Amino acid sequence: MIVIQMEGEVVAVAGRTVVVTGGRRGLGAALVDEVLARGARKVYATARSAHGDDRPRVVAAELEVRSAESVAALAELAADAEIVFNNAGVLLPAALLADDLDAAATTFDVNVFGPLRVARAFAPVLAANGGGALVNMHSVLSWLAGSGAYGASKAAAWSVTNSLRLELAGQRTQVVGAHAGLIDTEMVSAIERPKATPAEVAARIVDGLENGAVEVLADDVSAAAKAALSGPVEDLVFAR
Ligand SMILES: NC(=O)c1ccc[n+]([C@@H]2O[C@H](COP(=O)([O-])OP(=O)(O)OC[C@H]3O[C@@H](n4cnc5c(N)ncnc54)[C@H](OP(=O)(O)O)[C@@H]3O)[C@@H](O)[C@H]2O)c1
């Protein structure tokens, strides 16, 4: 794992209140497990539909990141949040040219404007609670061509994160962008390639957060893609 660090205070998870969007399943569920294991005081874990969680430190909440009203309701419920993981995302199997433009628009609405809605709603919450941290989930496909609107949305999300880092610096919010290659979740169940487990990626992301990272490259493939950015652009391709 490669971690690029910020100066100043770092955010430890123990004793903190955490929000994980899309925390019911996939990588989000692993992030919930990870922060609980590290002593988080409370974790709001969201899904688009009503759900339950028996663990006493987990608050199961509903969230649709495409809806500003839903995001605002979560920010009101989770007014004690100190760390927010913008994990929820979607991968629609749609090509940029051959498929409907609506699929690209939906992808951007969920993967770019969704986390931005969450960041806008929670910025004052984080400020009121001491600054805390915002962790945005990107992908190795932020840097590689070949996945249509998904990669384009993750490239945009990467840029949004980098500007949010500047815009939130004044309130001392640590902003972390996390990149990973294939993770063994429902999102990529159709792809037959080696995958990291959600638990190992979650642990690396939270390690980075607690080490004061501004960027986490959670696996070798992400580190290699980042290193290749200074090379020929036609080499920046995801080969299935
Ligand atoms: N899997 C990979 O290989 C991989 C690699 C790199 C990065 N990522 C990124 O990691 C994050 C988690 O992905 P995953 O692999 O865990 O995917 P996943 O198993 O498909 O889970 C997607 C999660 O996002 C939530 N979600 C989707 N659309 C939403 C919406 N409109 N509003 C609110 N929540 C929504 C889902 O909530 P529900 O429970 O309501 O469906 C679910 O919790 C995503 O940002 C993804 O792009 C994944």
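How many of the 12 residues of α1 are buried? Nine are, so α1 is largely enclosed by the rest of the structure. Everything below comes from a predicted model, in which local features need pLDDT of at least 70, side-chain atom pairs count only at pLDDT 80 or more, and totals for chains, interfaces and linings use all residues. Numbering starts from 1 along each chain as its sequence is written, and side-chain values use heavy atoms, with hydrogens and water left out.

**View 1. Helix α1 and its wrapping.** Helices (H or I, at least four residues) and strands (E, at least two) are DSSP runs, numbered from the N terminus. The buried residues here (under 20% relative accessible area; exposed is over 50%, partly exposed in between, with a 1.4 Å probe and protein chains only) are L27, G28, A29, A30, L31, V32, E34, V35 and L36. Their cover includes β2, β3, β4 (58-62), β5, β6 and α5, counting contact as heavy atoms within 4.5 Å. From first C-alpha to last, α1 reaches 17 Å, close to the 16 Å expected at 1.5 Å a residue; that expected span is 1.5 Å times one less than the number of residues. After the helix comes G39, with a positive phi near 90°.

**View 2. Helix α5 and what follows.** The ends of α5 (residues 198-210) are 18 Å apart, C-alpha to C-alpha, which agrees with the 18 Å its 13 residues should span at 1.5 Å a residue. Buried along it are P198, V201, A202, A203, I205, V206, G208 and L209. Neighbours within four places in sequence aside, L209 contacts V11, V13, I83, F85, A133, V135, Q174 and V176. Just past the helix, G212 takes a positive phi of about 80°. In strand β8 we find V216, which counts as buried at 0% relative accessibility. Its C-alpha is 6.2 Å from that of I205, 11 residues away along the chain.

**View 3. α2 against α3.** Helices α2 (residues 68-77) and α3 (residues 101-128) pack at about 25°, axes 9 Å apart. (Axes are lines fitted to C-alpha atoms, for helices over the stretch in contact, and angles run from 0 to 180 degrees between N-to-C directions.) That makes the two roughly parallel, a label for angles under 35 degrees. A68, V71, L74 and A75 of α2 meet R117, V118, A121, F122 and V125 of α3.

**View 4. α3 against α4.** The axes of α3 and α4 (residues 149-169) come within 8 Å and cross at roughly 15°, so this pair is roughly parallel as well. On the α3 side the meeting residues include F108, V112 and L116, and on the α4 side Y150, V160 and L164.

**View 5. R172 in its loop.** R172 sits in the loop between α4 and β7. Its phi is positive, about 60°, although R172 is not a glycine. Most residues other than glycine have a negative phi. R172 is also exposed, with a relative accessible area of 54%.

Conventions. Parallel < 35°, antiparallel > 145°, perpendicular 65-115°, else oblique.
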